[in-house]
Amino acid sequence: MNCYLLLRFMLGIPLLWPCLGATENSQTKKVEQPVRSHLRVKRGWMWNQFFVPEEMNTTSHHIGRLRSDLDNGNNSFQYKLLGAGAGSTFIIDERTGDIYARQKLDREERSLYTLRAQVIDITTGRAVEPDSEFVIKVSDINDNEPKFLDEPYEAIVPEMSPEGTLVIQVTASDADDPSSGNNARLLYSLLQGQPYFSVEPTTGVIRISSKMDRELQDEYWVIIQAKDMIGQPGALSGTTSVLIKLSDVNDNKPIFKESLYRLTVSESAPTGTSIGTIMAYDNDIGENAEMDYSIEEDDSQTFDIITNRETQEGIVILKKKVDFEYQNHYGIRAKVKNHHVDEHLMKYHTEPSTTFIKIQVEDVDEPPLFLLPYYIFEIFEETPQGSFVGVVSATDPDNRKSPIRYSITRSKVFNIDDNGTITTTNSLDREISAWYNLSITATEKYNIEQISSIPVYVQVLNINDHAPEFSQYYETYVCENAGSGQGLFF
């Protein structure tokens, strides 16, 4: 039997295999020996391996034939199969040496079976040939689709990344034999994700193919397909999904959406008072959206702006006290910029956004204001009741200029009228009291709760209204015969 016929017969497949020798094919090797002699110089058979395709849809698939060159066809030889799988997975026709597979074989479960063959002379019961070991290899068919083993895939890439930026690599695995044709050679393609992404066909590397703006869309679902047999007809395929998220870069500057803010402040507000907030908006997130507010224009230097780091609002505070009667409105301009800006992103932040703030000072009903912090008056003692002492004056600092009423606290000696004129109600005696400490109260007529008080000091001046007096009564004594000029005795 020539090489082609022997291989076709033994492998049981209608293919023209080249004759590659004993290491790749089962074949019988003939030897020279004397006619009718049972002595052999060499072994009468030799084989190494057979092949059987996996997943054959038959319960008795012919694999090949073992035959000794001593077998003359008179059915005196018996062939036996030994080893793992013999009698269960594989059987042999004891008369002909034909080997059959009894069940489907799965190369991915087991790709190689090592068996031994014996040939027995049934008349003597002795082995005609020594045991010979051979191999049955399960040849691969493309019965496994590619599988992505590292799912789920997720990647993060900065927005505005240039074309060609690496995103992630996905890898599929095919359980078929990589050495068997193209069964396990994979080709990757993009089913969903154009035009922003592309995939390298042989590596599964996903790259950016178009710039993306996170503020327009912050995540994308990309579907990658892997086909075996390098995409040829009959190829099997598998798919995987990749969630690609865009991380933020500081490509947006904060902007005031309001060009004008109107705020109010009470003239009674102390310095440091918060009088209102302003707010700019930044389409970026996180650290890239942190802002710094500041005053760009305030000629009066009356106000300041600080930044609330939690809310990113600008808080307008009072830097100096305001007076409604002095100035009742202000106009300032504020600006805002990002707190963190990388040098290569400065092109997005050239001109800071500004807004105008109008601040109205609210009038507060203030208490009367005396012209002096205190008053000192003088009056001579013994002046008659109703004598003039002095005049105090207080005014309403508010625009309505309420009339003022005056009063003296706990005094029976002095009186004051609505013009602030102080007069006496009794005659004064310096020798009884030389000073009087008064408390004058001014009250607004239109709002009696608005009250102010100041001290008034009245000095009583002396007049010569007393003759000299001895401090005690003196009794004197003189002798009856005392002469002229003689002293008296006390």
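Which residue in β20 does phenylalanine 256 stand opposite? Select both strands to find out: phenylalanine 256 faces alanine 280 in β20. Strands here are DSSP runs (E, at least two residues), helices are DSSP runs too (H or I, at least four residues), and both are numbered from the N terminus.

This is a predicted model, in which local features need pLDDT of at least 70, side-chain atom pairs count only at pLDDT 80 or more, and totals for chains, interfaces and linings use all residues. Residues are numbered from 1 along each chain as its sequence is written, and side-chain values use heavy atoms, with hydrogens and water left out.

Stay with β20, residues 274-281: two bridges join this strand to β18, and the two run antiparallel. Two strands count as paired if DSSP finds at least two bridges between them.

Next, select the open sheet of four strands ordered β19-β25-β24-β21, where the pairing is mixed. At its edges are β19 (260-266) and β21 (291-297), each pairing on one side only. Inside the order, β24 (residues 329-338) and β25 (residues 353-362) pair in the antiparallel sense over eight bridges. Tyrosine 330 stands opposite isoleucine 359 in β25.

Last, colour by pLDDT, the predictor's confidence in each residue, from 0 to 100. The protein chain has a mean of 85. Confidence is lowest in helix α1 (residues 3-11), at a mean of 32, and highest in strand β15 (residues 205-208), at 98.
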